[in-house]
Structure formats: C-alpha cells, structure tokens
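The following note was prepared for a colleague who wishes to review the model point by point. Please read each point alongside the sequence and the coordinates.

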Amino acid sequence: MAEVKNNKEKNRYELSVDGKTAVAEYILNKQGVLFFTHTEVPDEFEGARCGIKINGRRFQGC
C-alpha cells in the first residue's frame, strides 16, 4: 500500500494508488488545532482499507 502524505499546500492528507487519490482535507487554526472538513475515497478503493489508513495517518501525523 502507498504511503499517506500530508500535502500542506492544499491542507490535506493524500493516499494515491493506481492513479486514484483518497483525501482528507483540514483547516489548521491559529492555536494549532486541526479540524477535518472533508474526506473522499474513490469507489475503486472499496475493500482496500484506504479510508482506515488515511484516517489513522491523520491522527499520527498532525
């Protein structure tokens, strides 16, 4: 499985597999608190546990 990356320029975590990308977008406020605003996992990733991987990485890499 590919590695989850924090794309700080777009304020989102990304997981790309076979040309498709799962994302978890966030806002970081002035106090350093991270708020997740949107997640999207392509249908092609169904059953591949990509949603679990990107969500787990979000909390480990804040």
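Is Asp 18 buried or exposed? Asp 18 is exposed, its relative accessible area being 77%; here buried means under 20% relative accessible area, exposed over 50%, and partly exposed in between (1.4 Å probe, protein chains only).

1. Basis of the note. This is a predicted model, in which local features need pLDDT of at least 70 and side-chain atom pairs count only at pLDDT 80 or more, while totals for chains, interfaces and linings use all residues. Residues are numbered from 1 along each chain as its sequence is written, and side-chain values use heavy atoms, with hydrogens and water left out.

2. Strand 1 and strand 2. These strands pair in the antiparallel sense over three bridges; pairing requires that DSSP finds at least two bridges between two strands. Strands are DSSP runs (E, at least two residues), numbered from the N terminus. The two form a hairpin with four residues between them. Asn 11 lies in the loop between strand 1 (5-7) and strand 2, and its phi is near 55 degrees, a positive value in a residue other than glycine. Asn 11 is partly exposed, with 35% relative accessible area.

3. Strand 2 and strand 3. Six bridges join these antiparallel strands, and their hairpin has two residues between the strands. Asp 18 is found in the loop between them and has a positive phi of about 50 degrees although it is not a glycine. For context, most residues other than glycine have a negative phi.

4. Glu 14 between two partners. Glu 14 is found in strand 2. Lys 5 has Glu 14 as its bridge partner in strand 2, and in strand 3 the bridge partner of Glu 14 is Val 23. Because its relative accessibility is 16%, Glu 14 counts as buried. Its side chain is joined to that of Asn 7 by a polar contact of 3.1 Å (a pair of N or O atoms within 3.5 Å; within protein, one must be able to donate a hydrogen and the other to accept it, and residues adjacent in sequence count only if both atoms are side-chain atoms).

5. The structure holds three aromatic pairs (ring centres of Phe, Tyr or Trp, the last by its six-membered ring, within 6.5 Å; planes under 30 degrees apart are stacked, over 60 edge-to-face and the rest tilted). In one of them, Tyr 13 and Tyr 26 have ring centres 5.6 Å apart and planes at 45 degrees, so the pair is tilted. This pair links distant parts of the chain, with Tyr 13 in strand 2 (residues 12-17) and Tyr 26 in strand 3 (residues 20-28), 13 residues apart. Both residues are buried. Tyr 13 also pairs with Phe 36, with centres 6.5 Å apart and planes at 40 degrees, so this pair is tilted. Phe 36 is in strand 4 (residues 34-40), 23 residues from Tyr 13. Tyr 13 counts as buried at 1% relative accessibility, whereas Phe 36 is partly exposed at 26%. Tyr 13, Tyr 26 and Phe 36 form one aromatic cluster.

6. Ile 27 belongs to strand 3 and is partly exposed, with 47% relative accessible area.
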